[in-house]
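I opened this notebook page to record what I looked up in the structure. The entries follow in the order in which I made them.

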Amino acid sequence: MSSVAITKDTYLDWYEQMLLMRRFEEKSGQLYGQQKIRGFCHLYIGQEAVLAGAMSVLGPGDSMITAYRDHAHAMARGMTANEIMAELYGKATGCSKGKGGSMHMFSKEKKFFGGHGIVGGQIPLGAGVAFAEKYLGTTNVNVCYMGDGAVRQGALNETFNMAMLWKLPVIFVCENNGYAMGTSVQRTTNMIDIYKIGLGFDMPCAPVDGMDPVAVHNAMDEAVQRARRGEGPTFLEMRTYRYKGHSMSDPAKYRTKEELERYKAKDPIGVVKAAIVENNYADEAWFDQIDAKVKAIVEESVKFAEESPWPEPSELYDDVYVQSDYPFIKD
């Protein structure tokens with residue numbers, strides 16, 4: 001049983017969180033098509049339950065790190081739509097001062113330690129953050145997200161071994177959306193049950209319905225409790241689905257329309273809305289109010305980004321190292 005009860009407020013929060021993620025990503029895709037956002041852009045549409053179910057368990061002291069599909073993760077950790085959209089635009093008011101863009105959201109204050117563009121690069125870093133928490137004697141945990149393609153990286157095996165040996169308070173989450181870029185899981189591995197990788201390290205592991213925030217909440221709560229007790233890491237395979245391509249340049253011709261429609265029937269936003277209605281948690285007026293609120297937040301973020309200044313050329317060499325007078329950068 002979950003130590004964090006799922007209440008009416010939980011469902012209402014889930015709906016609002018996921019709707020904001022969805023509408024923000026839809027607007028990001030539209031702006032990319034208008035060339036307002038450039039470079040790489042990986043949308044999270046369809047996978048929102050993985051974050052909503054986790055955030056109803058995690059506390060403000062816990063941290064998160066992920067790969068390059070990171071806009072929604074940043075938002076889930078409490079970063080504003082304004083600073084995320086400004087970062088997508090490359091503006092100075094962005095969370096990374098316009099220097100990171102889509103793949104490199106970051107907030108020390110919110111304990112969101114990035115989007116990372118190197119496939120699997122965040123896995124040892126997540127364990128490192130967890131090591132720091134253990135070293136400092138806190139009860140905080142780190143949640144380290146990765147895609148199904150990243151589990152093929154050698155760094156995962158090294159990290160899993162060390163995390164179990166040192167009983168680090170880290171939860172490794174594979175967001176298995178079925179495709180590493182355009183390559184299906186079935187074409188990359190003989191063992192399609194990705195969670196079983198944890199068995200080789202005697203790490204507690206399990207598959208989770210990543211389209212259902214209730215299932216995510218319960219699985220994450222169990223893993224968080226274990227980590228806080230000092231019992232070490234957990235590996236969870238969140239089986240989810242992205243409704244868009246790998247990135248904005250991906251037409252997703254490697255999958256069928258029937259497959260896409262099958263997963264759209266399990267859309268987490270629709271599932272949560274149905275539960276709210278069934279339990280009489282809210283009426284249509286409330287849904288209309290939330291829809292308007294979310295729309296206003298997204299529109300304001302675009303306005304903020306449009307009106308924000310570009311970074312000054314003098315900023316080019318700043319923030320490369322923490323040490324402000326580090327030599328060899330300019331000369």
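**Entry 1**

I looked up arginine 239, which counts as partly exposed because its relative accessibility is 33%; buried means under 20% relative accessible area, exposed over 50%, and partly exposed in between (1.4 Å probe, protein chains only). The model is predicted, so I note that local features need pLDDT of at least 70, that side-chain atom pairs count only at pLDDT 80 or more, and that totals for chains, interfaces and linings use all residues. Residues are numbered from 1 along each chain as its sequence is written, and side-chain values use heavy atoms, with hydrogens and water left out.

I then searched for salt bridges (a side-chain nitrogen of Lys or Arg within 4 Å of a carboxyl oxygen of Asp or Glu). Arginine 239 and aspartate 193 meet through their side chains in a salt bridge of 2.9 Å, N to O. This pair links distant parts of the chain, 46 residues apart: arginine 239 lies in strand β7 (residues 234–239), and aspartate 193 in the loop between β5 (183–184) and β6 (205–209). Helices (H or I, at least four residues) and strands (E, at least two) are DSSP runs, numbered from the N terminus.

I found a salt bridge between arginine 239 and glutamate 237 as well, with the closest N and O atoms 3.0 Å apart. Glutamate 237 counts as buried, because its relative accessibility is 0%.

**Entry 2: Other salt bridges**

Aspartate 193 also forms a salt bridge with lysine 196, where the closest N and O atoms are 3.4 Å apart. I recorded aspartate 193 as partly exposed at 25% relative accessibility, and lysine 196 as partly exposed at 31%. Elsewhere I noted a network of salt bridges that links Lys97, Lys99, Glu315 and Asp319. My search of the whole structure gave 16 salt bridges.

**Entry 3: Helices α5 and α6**

I examined how α5 and α6 pack: their angle is about 20° and their axes are 8 Å apart. α5 is therefore roughly parallel to α6, a term for angles under 35 degrees.

I next listed a nonpolar patch on the surface, formed by Phe131, Tyr135, Leu136, Met162, Leu165 and Trp166, with about 730 Å² of accessible area together. Patches are made of residues with over 30% relative accessible area and no salt bridge; like charges are joined within 9 Å, nonpolar side chains (Val, Leu, Ile, Met, Phe, Trp, Tyr) within 5 Å. α5 (122–136) and α6 (154–165) each supply at least two residues of the patch, and the largest share, three residues, comes from α5. I noted leucine 136 in helix α5; leucine 136 is exposed, with a relative accessible area of 63%.

Note on methods
Accessible areas come from the Shrake-Rupley method with a 1.4 Å probe; for residues, only the protein chains shown count as cover. Axes are lines fitted to C-alpha atoms, for helices over the stretch in contact, and angles run from 0 to 180 degrees between N-to-C directions. Angles under 35 degrees count as roughly parallel, over 145 as roughly antiparallel, 65 to 115 as roughly perpendicular and the rest as oblique.
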